[in-house]
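Please keep the sequence and the coordinates at hand.

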Amino acid sequence: MQGLYETSTTQKGPVGARRVLSDGRVYRYSYFVGAANRGTLVAQDATSQTVAETAATTVRNSAGTAADISSSDNVNTLYLLDTDTITAANSNDVFAGGYLHVINSDVGGYTYKIRGNTYTASTSVMAVDLYDNIVADISSESELAITGNPYNYLQIFNNGTDDVIAGVAVMTQAADSYGWVQTWGVGTVLADESAGTIAAGTIAQGSDGVNGAAQPFGGGATNSEDDHSYATEPVIGYFISAATNGNHTPIFLQVAP
């Protein structure tokens, strides 16, 4: 397996592999599709790794015709067509290790692990191979969503564009490289203090203004209801000490244990 402080253009282990140190720090082996500096927050490339709620006409057969899928047929491959949400960016196996969500109100609530996917450009149909057979019928009018492997196709966190934070890059990573992302414990992250003072113990969240940085909770936009404010950027832990804007700062990461 690749060393913690190494970067490689050759894959040396399974993407998503977990490494835990005796002091409680946790790391995940990751693939970077975009460049990211060490000490910056990184996130999934939403263009390739996220399919938002699809239309109620998405479920098809292999020919691209609307079809109801019966769980009694022991099905573990689904065929999907929705050109508004599924595109050529969702190319072969970009969703391997990710998750398919059944989200419509009547039979929704199921999550299936994805073994791989195949996108056919000529028909815009994507085949999704699951590790398990579906356990409930899925109609041709079922809405679905897809979330890729949280540690695959990473790039620098960009609020409002690439929002699913995986953790902090351990080393500076070039595009198309493999390395480790810290997800839990004592670490170091780029600080954005422009929207508020960072003091020890302050809740940390992804910055809404500096790509890859962390800011104090509430530093960005908020949604207010009944005199309570809720920050709209992901919470990632808390700052261990005061920070200087633009410097890196100690943080206790709480992204994934």
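Strands, as the term is used here, are DSSP runs of E with at least two residues, numbered from the N terminus. The model under discussion is predicted.

Seven strands make up an open sheet, arranged in the order β4-β10-β7-β8-β9-β6-β5, and their pairing is antiparallel. The edges are formed by β4 (50-51) and β5 (59-60), each of which pairs on one side only.

Attention now turns to the loops. Tyr153 is placed in the loop between β10 and β11 (154-156). Its phi is near 55°, a positive value in a residue other than glycine. A further positive phi, near 65°, belongs to Asp176, likewise a residue other than glycine. Asp176 lies in the loop that separates β12 (165-169) from β13 (177-190). Because its relative accessible area is 46%, Asp176 is classed as partly exposed.

The last topic is charge pairing. Side chains of opposite charge can pair when their charged atoms come close. How many salt bridges does the structure hold? The structure holds one. Arg25 forms a salt bridge with Asp23, and the closest N and O atoms are 2.8 Å apart, a separation that meets the criterion of within 4 Å. Arg25 has a relative accessibility of 22% and therefore counts as partly exposed, since buried would require a value under 20%.

Technical notes:
Residues are numbered from 1 along each chain as its sequence is written. This is a predicted model: local features need pLDDT of at least 70, side-chain atom pairs count only at pLDDT 80 or more; totals for chains, interfaces and linings use all residues. Side-chain values use heavy atoms; hydrogens and water are left out. A salt bridge is a side-chain nitrogen of Lys or Arg within 4 Å of a carboxyl oxygen of Asp or Glu. Buried means under 20% relative accessible area, exposed over 50%, partly exposed in between (1.4 Å probe, protein chains only). Two strands pair if DSSP finds at least two bridges between them. Helices (H or I, at least four residues) and strands (E, at least two) are DSSP runs, numbered from the N terminus.
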